[in-house]
Amino acid sequence: MQAVLSEDQMQFKQVIARFFDTHSTMPAVRRLSETETGFDPVVWSELSETLGLPGTHLPEEYGGHGFGPTELGIILEEMGRTLYCGPFFSSAVMAGYALACFGDEAAKIEKLPQIAAGTTRATLVLDDLNHPSKVGRLIKANQAGVLTGTAPIVLDGGSAQAFLIVAREPAGLGLFELSPTSPGVEITLQESIDMTRKIARLTLQSAPGLRLGSVTEQGLYQFWDLISVALAHEMIGGAARLLNDTVEYTKGRYQFGRPIGSFQALKHRCADLLMSLEFAKAATHHAGFCLAAGEETTIYPSMAKAMAADCFMDMARAAIQLRGGIGFTWEDDTHLWFKRAKCDEVLLGAPYQQRARMMDILQEAQDVA
Amino acid sequence: MSRDEIKAELEQFLEAEFSPDLSLIEWRQRLVSAGWAAPLWPEAYFGRGFSQAQAAVVTQVFAERRIVGAAQVGPRRLAAETILAHGTHEQKLRYLPKILTGEHAWCQLFSEPGSGSDLAGASTRADREADHWRINGQKVWNTSAHHADFGILVARSNWDLPKHQGLSYFLIDMRQPGVEVRPLKQMNGHASFNEVFLTDAQVALDDLVGGEGEGWAVATTTLSIERQGFARGRGQSTPAEPSAGRVYRELAQELEIDNEPYTWYPQREGRPDLVLQRARETGAIESDAVRQEMAKLFCLSEAARISANQVSAHQKSGAQGVLPAGSIGKLGASVIARQAAHVHTMISGASAMLSGPRSAADGMIAETLVSVPAISIAGGTDEIQRNIIAERVLGMPKEQRMDTGPFRDIPRNSQ
């Protein structure tokens, strides 16, 4: 198994970093966070058409580029570093992976190329974003594929062009598709703590869905691992940026006649944060390498999500604290990161839930042995 | 030399020279003469000038054929590598062979009661007499000093220079009247360290390593070797049972002495390896609260392992921009050990009060609980590691120094 990024992957990372440094500046993030849809269509087409990013991790036979969790992770790390605002996670990662994991052959042939090309901005509707075992309690499908129920939180639900929905069927779970304009679909924009990622509430009342495939319990867990590791990459990217900017701030801010970064109280806190970041990065990259190598049901995806979330939140708290009062103002950018960190922390399961899953997997592995 | 050539020559040598019935010293003398005891060292000094990759072939053949190698355990390798790097031609010829054969045991005389983290603040005196150096002062935390034949010593030879410039580095004979060694009992009951009192002890003039006043540079070499883990004797065991022959029997005896100071070292790391089994035995694994803390521990220990692998893969690839993994890894080890002790405490409950061989895991849990405080101190405190990380990795500004100018004017502990 891979232990570090290859030469090619390093170069890819540089290209991606340059793109988001140019297109996801803090003024752009500020501007987009104030809009309803929360993304820039020009930047979206550029990252889709010029760089082909939404298809990175999707299979080549369905219009993707056939790379894996590591390359996808590189993109998300850079998006996290620049607080990118756009439907990449909802469409390419969640909907793209869901269709690739659960879609029937015909559905994949028909729908996946558009998600891979970025021409359709889809989103995945899960009626629970805490734990895979809780999915399918609120949205139900009857034999005819008519959907009823509510998903309180749908990422980019207000701007998505297609909804992929996991719903409870008479037997098991199924994946369905719905258009936002279908009868029986009600979309309500929700206020999010994190203004850089828009959410909506989706209510379905006898909405006729198109069935795309079956969702097995094991499949759902594996899918959850894929998207959790992707999200962990976004978080370590954000955490790394925060540490860098915070340390720079302490070098330039003078109190008591000296830069505050020369005080041990601050140095030691930053050193601890660096260690926590290095560990979270190691865990996240390793989780990506494991998924890329086809290792299923390991502790690493949950471990990465838990560590990245704790690290990102610690970093965000420190970033505000070390700036003092200015860090608590709307004008300073730090709160944007803090809010992304808070929402990422709970999206797909809070750290305690990830740790509980780790222990289940460890114990099962030991029982087998 | 290619891999195959090394293997062929070494196997021919072993065929001709090795016998399990040799004495340990006799066998190692043969190894030293042929350059196999320290293949990384230059040919002029008992080695073969091998690269790491070439030396790995030797290690592998030794392991496969259960061959006894040079003496490894304890501070002796710190002395050897430092002498090799900074010593005179005569010092290398005089001291190196008997370090490799194990005839001479060594100890390190650096820390003092008045200078721990601030090692360069050493105030043991070295006064130059007509035909020797006269040494006066006290050292502490000296592993294996109680059976050492020689010590590597840092002492102050000039009090008028700034502190780093007034130090010199010596090789001192421990078997002399001016050297008194007292064991230092630790809070966990072991006594793996000593205090060493130096009262008009003598060092020959030609036992100065590096020039007079160059002690700090030489000591830095020793410390970096120490950080690379040369001094760790843990886990070293005989390649075959003592019954397999005299050389193995004598090695087992040597290791019994040399490994003794390190028996509690795994316990100071918190024994995360015992956690899952203990949690199952006691039923604590059913508790959600315990499971959360266990998972936090495994996150840390796994991440530390993965991170170390990534750093070594990074170094092998020759890539730039590697973090000083040493300090981060050391800080990580402290956090892991504390969390492990916390989890062991939760698992044991009130039984965590019990100690001794009849307590949990043959006393290892109790020993863990009272040994963990050492890990964040030994080899550089966590606080020093954090300074290193903040200043060297993150580039944060240094604090203003209060210890510039002649050493004699610097405020220090009244010793």
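**View 1. Domains 2 and 3 of chain B.** In this predicted model, the centres of domain 2 of chain B and domain 3 of chain B, taken over C-alpha atoms, are separated by 33 Å. Domain 2 covers 90-227 and domain 3 covers 264-380, while domain 1 of chain B is made of 3-73 + 234-260; the bounds come from an automatic or database domain assignment. Four residues of domain 2 of chain B are in contact with five residues of domain 3 of chain B (contact: C-beta atoms, placed from the backbone, within 7 Å).

**View 2. Domains 1 and 2 of chain A.** Chain A is split into domain 1 (7-117), domain 2 (122-215) and domain 3 (218-368). The C-alpha centres of domains 1 and 2 of chain A are 21 Å apart, and their contact takes 20 residues from domain 1 and 19 residues from domain 2. On the domain 1 side, α2 (26-33), α5 (88-102) and α6 (105-117) of chain A give two or more residues each (helices are DSSP runs of H or I, at least four residues, and strands runs of E, at least two, numbered from the N terminus). The largest share, eight residues, is that of α5(A). By class, this side has 12 nonpolar, six polar and two charged residues.

**View 3. Contact of chain A with chain B.** Chain A contributes 30 residues and chain B 34 residues. On the chain A side, α7 (217-252), α8 (264-292), α9 (300-323) and α11 (351-368) each supply at least two residues, and α8(A) gives the most, with 13 residues. This side of chain A comprises 18 nonpolar, seven polar and five charged residues.

**View 4. Nonpolar cores.** The largest nonpolar core has 151 residues, and A239(A), A283(A) and M307(A) have the most contacts inside it (core: buried Ala, Val, Leu, Ile, Met, Phe, Trp, Tyr and Cys residues joined through C-beta atoms within 7 Å; buried: 20 or more other C-beta atoms within 10 Å of the residue's own, C-beta atoms being placed from the backbone). The most residues in this core, 17, come from α7(A). Beyond its neighbours within four places in sequence, A283(A) is in contact with Y300(A), M303(A), A304(A), M307(A), C299(B), A303(B) and I306(B). A second, separate core of 60 residues includes I6(B), A37(B), M174(B) and V196(B).

Residues are numbered from 1 along each chain as its sequence is written, and chains are lettered from A and ligands numbered from 1 in the order in which they are written. In this predicted model, local features need pLDDT of at least 70 and side-chain atom pairs count only at pLDDT 80 or more, whereas totals for chains, interfaces and linings use all residues.

Notes. Contact = placed C-beta atoms within 7 Å. Nonpolar A, V, L, I, M, F, W, Y, C, P; charged D, E, K, R; others polar. Buried ≥ 20, exposed ≤ 12 C-beta atoms within 10 Å, placed from the backbone.
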